[in-house]
Amino acid sequence: MQAALRMRPSPIGLNTGRFILPRQALRPSPERAAIQRAYSTAPTPLPQPPKKKFRFIRTAWSVTKWTALLGTAYLAYSIYETRYPQEQIDPDPTKKTLVVLGTGWGSVALLKKLDTENYNVIVVSPRNFFLFTPLLPSCPTGTVEHRSIMEPIRHIIRHKKGTVQFYEADATKIDHERRVIVCNDNSDIKGDVNQTEIPFDYLVVGVGAESATFGIPGVKEHACFLKEISDAQKIRKKVMDCIETAMFKDQSQEEKDRLLHMVVVGGGPTGVEFAAELQDFFEDDLRKWVPDISDSFHVTLVEALPNVLPMFSKTLIEYTEKTLNEEKISLRTKTMVKKVTDKYIEAEVTRPDGSKELQVLPYGCLIWATGNAVRPVVRDLMSQIPAQKNSRRGLAVNEYLVVDGTDGIWALGDCSATKYAPTAQVASQQGAFLARLFNNMAKTQNIEKEMTHLEELAATSDSDADKESIKNQLAVKEKAVRKVKQLSPFEYTHQGSLAYIGMERAVADIAWWNGNFASGGAWTYLFWRSAYLSMCFSTRNRVLVALDWLKVKVFGRDVSRE
């Protein structure tokens, strides 16, 4: 082989100092081939997936995205459902007529849960809308537009299964013996008929109450109340009038101080919230756009009791009074108004030592936010019923809200005299209770009709098997009647109290298990807003109120006079 290598010619251009092996020598040996086959059949290790970074952020984004999509879908469905109501069942002359007076919290809660196909329902009220009163103190300052907290009553009754008739009128007299209601059309536009009578089988009185003046001279003539939308509009106009009049040329400083002194009488939630809203209006907007009033604008809160917000815990009362003082709202407790004129208030102040002093408070705008009084139509009904002669706060009712001394007449809300405070929360629960009562009454009547029909069949049947079958059916019906009739008396469940106290702070006294949870501050303010937003009657109201809050946050409140 060495001879062969020496005889093999070298390729041209290659270094002759190197040698080339023959082709057979370059072939792999059997051992080498086996090793290569072994390594080629070994499994290839899978690549490790890269570690996911920001997993929490991705999860949060995914949850937020799907929540937003589902929320948008729900909102779109709610709007569609509101805009396009279903066809309703026409009134049936054979059914009983249920008349509801008023469109407040109690009446609307009743209408919301009532099965209207079981009755011929008629609603009578001087206003054709439901008003979300907890946000009413925000309207005069422009924090919330008044139409955002109004829900047309026709929107509510149009979505019921059975047709509900509505008449915008004042109920001036209830004749419980003849079982008719006298109604007057008090609108500016009147037709040929502006007074009529409406007969009823069942009647629910939910007309509310009017503001109490306690017989104090001058209150009715000079004070602004805060119960209706018209009251809020009047306050708005008067506050802005006071500001512009105070800025009139050559106005004396004494007169300017009087005009810019806003007095709120009433230390309950309405009075405290409006005083706080008014001070916020001044601090956030009026001071900026009307700087000349900075040293003269002043808000005073007057309360006859030793403390404001008496329904809250002592800790929250102290926190509220501290916050009001920080806002520079003058708090005058133990101060009882004795007389009101067009320019000043005479008040009796009880000093710490028990002595009393008569003080004079000049004012530009007086807001009266305290007390309820019986409406004339309720007072007239009470005068007709001997069992009502000892009642002073409203219609006395039993545990099922039936008016004492009557049959088929119920009362709820502020016009009824119960052991509970006259609040929206109480009226709403009373309305829901009456809806269950009327629904159960209708079910009972339907089952009793079926039982009468079965008894007639049993009397005419000759077959023992049929009689036995009818007997079994009657037993089932009797059991159903007993179950339906087992409706417990009305019991109020207190869910808590909320109040806005200014500077984006609020207080909350919430029922929690067997006790109360008291809270106050900025976080409670967010809870206050979310709670009231969820309590708004419709999706439309919630959207409008949220947009109002956003608008004020971005652009501020409007300082023009309506």
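Okay, one definition before we start: when I say contact, I mean heavy atoms within 4.5 Å.

What you're looking at is a predicted model, where local features need pLDDT of at least 70, side-chain atom pairs count only at pLDDT 80 or more, and totals for chains, interfaces and linings use all residues. Residues are numbered from 1 along each chain as its sequence is written, and side-chain values use heavy atoms, with hydrogens and water left out.

So, the whole chain. How many helices and strands does it have? It comes to 16 helices and 25 strands, counted as DSSP runs (H or I, at least four residues, for helices; E, at least two, for strands) and numbered from the N terminus. The radius of gyration is 38 Å, well over the 24 Å that the globule rule gives for 562 residues, so the chain is more spread out than a compact globule. That radius is taken over C-alpha atoms, and the rule is 2.2 Å times the number of residues to the power 0.38. Along the principal axes, the C-alpha atoms fill a box of roughly 145 × 100 × 55 Å.

Of the 562 residues, 42% are buried, meaning under 20% relative accessible area with a 1.4 Å probe, protein chains only.

Now let's zoom in on H261. Where does it sit? H261 is in strand β12, residues 261–265. Buried or exposed? H261 is buried, at a relative accessible area of 12%. Its side chain reaches the backbone oxygen of P362 at 2.6 Å. And if we skip neighbours within four places in sequence, H261 is in contact with H298, T300, P362, Y363, G364 and C365.

Definitions and conventions
Buried < 20%, exposed > 50% of the residue type's maximum accessible area, 1.4 Å probe, protein only. Polar contact = N/O pair within 3.5 Å; in protein donor to acceptor, adjacent residues only side chain to side chain.
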